[in-house]
Amino acid sequence: MRADATRKDIEAVVRVITELGFKAHVMPGPTRTAIGITGNKDAVDSSHFENMHGVAEAIRVSKPYKLTSLDLKPEKTIVRVGDSSIGEHELAIIAGPCAVESREQTLAVAEVVHKSGAQFFRGGVFKPRTPLTAFQGLGEEGLEILAEVRERYGLKIVTEAVDEHSVELVERYADIIQIGARNMQNFSLLRHAGRARLPILLKRGLGATIDEWLLAAEYVMVEGNYNVILCERGVRTFSQHTEDTLDLAVIPAVRSISHLPLIIDPSHGTGKNYLVAPLARAGAAVGIDGLIVEVNEPPSSTRLNHGQELTPDQYMQMVFDVRAIHEVIIRENGNF
Ligand code: PEP
Ligand code: MN
């Protein structure tokens with residue numbers, strides 16, 4: 001739509017799309033609103049819209065993903081969470097332990113995260129673990145601890161949901177629903193997340209191509225939830241010096257085809273404590289919108305492998321460094 005299109009203009013276009021039997025997706029940007037069409041099998045005749053009031057252009061998106069693409073929405077998506085946002089000028093920092101293990105541990109880490117000026121707190125309560133016998137998370141008891149963190153420190157809560165039931169629980173307690181790497185192609189979970197009212201942090205699968213990742217985001221968005229944040233968390237390679245290989249090139253690559261905000265997870269993306277801060281700094285240099293990073297209070301419990309978690313001191317230094325780099329990048333290049 002044109003920048004001066006009114007709400008009435010937008011409603012009229014939505015009506016035409018609905019009458020044609022398709023689904024309309026109204027996606028507002030900072031200056032212009034884009035309206036996506038899904039549900040059509042063949043090309044939609046653009047003459048339906050071309051002469052309507054407020055319409056700037058009717059374009060055909062030939063890629064398999066549509067709602068995620070820059071062709072449809074040339075303006076970057078800013079995901080707003082209360083008074084915080086992801087995708088705007090400020091670097092979004094999401095930090096906390098891998099898992100909520102106890103109230104004491106979680107509140108101690110939250111104090112560090114709060115002190116760093118981060119806007120978001122992470123901590124898993126539903127843990128998708130490869131070994132069947134590994135700690136699976138505290139479930140709803142953990143969500144109550146996270147709610148206390150929000151209450152006490154004003155931090156927005158990011159936590160993972162692993163199935164439909166946990167989406168509903170997380171929705172009740174948290175601010176952003178994380179979909180983990182192992183669930184990136186769990187299509188029924190994605191559709192369910194698309195019906196949630198909270199933004200979705202969608203991790204890239206361990207072997208997912210860009211197309212597969214964007215198509216996964218499409219499953220969420222087609223249900224009407226356009227607040228998707230993409231998170232690069234490392235892919236599986238032959239490298240032996242890291243757990244997974246953080247693919248930093250994917251940030252500018254996806255940036256050139258999608259309007260969704262992009263963050264990295266240097267903790268799982270390296271799996272090694274000493275590599276987390278250097279890769280976080282590199283991420284800031286390639287233009288991320290934020291990062292999700294694991295920090296925990298030592299000595300921590302032995303229930304989880306803490307190989308990638310930062311100590312509070314390491315974390316504070318990292319935050320200082322990535323902010324400084326981000327500021328330079330924004331000053332030189334503007335908001336990507
Ligand atoms: C996590 O964030 O703790 C996690 C398990 O992430 P991923 O799905 O990227 O492995
Ligand atoms: Mn973890």
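Modeller: Start with the barrel: 8 strands close in the order E5-E6-E7-E8-E9-E10-E11-E12, with parallel pairing. The twist averages 25 degrees from one strand to the next. The model is predicted, with local features needing pLDDT of at least 70 and side-chain atom pairs pLDDT 80 or more, while totals for chains, interfaces and linings use all residues. Residues are numbered from 1 along each chain as written, chains are lettered from A and ligands numbered from 1 in the order written, and side-chain values use heavy atoms, leaving out hydrogens and water.

Biologist: What makes E5 and E12 a pair?

Modeller: Two strands pair if DSSP finds at least two bridges between them. Strand E5 (residues 92-96) and strand E12 (residues 290-294) have 5 bridges, in the parallel sense. So they meet the definition. Gly96 has Glu294 in E12 as its bridge partner. Strands here are DSSP E runs of at least two residues; helices are H or I runs of at least four, and both are numbered from the N terminus.

Biologist: Why are H3 and H10 called roughly parallel?

Modeller: The axes of helix H3 (residues 103-115) and helix H10 (residues 312-333) cross at roughly 20 degrees and come within 10 Å. Axes are lines fitted to C-alpha atoms, for helices over the stretch in contact, and angles run from 0 to 180 degrees between N-to-C directions. Angles under 35 degrees count as roughly parallel. H3 and H10 are therefore roughly parallel.

Biologist: Which residues make that contact?

Modeller: Val112, Val113 and Lys115 of H3 meet Pro312, Tyr315 and Met316 of H10. Contact means heavy atoms within 4.5 Å.

Biologist: What about H5 and H6: why the label there?

Modeller: Helix H5 (residues 164-173) and helix H6 (residues 187-194) pack at about 25 degrees, with axes 9 Å apart. H5 and H6 are therefore roughly parallel to each other. Glu164, Val167 and Glu168 of H5 touch Ser188, Leu189 and His192 of H6.

Biologist: How do you know which protein atoms are donors of the manganese ion (ligand 2)?

Modeller: Donors are N, O and S atoms within 2.8 Å of the metal (3.2 Å for Na, K and Ca); water is not among the atoms, so sites may look incomplete. Cys98 (SG), His268 (NE2) and Glu294 (OE) lie 2.2 to 2.3 Å from the ion. So these atoms qualify. Their spacing along the chain is C-x169-H-x25-E. His268 sits in the loop between strand E11 (262-264) and helix H9 (273-285), and Glu294 in strand E12, 26 residues apart.

Conventions
Angles under 35 degrees count as roughly parallel, over 145 as roughly antiparallel, 65 to 115 as roughly perpendicular and the rest as oblique.
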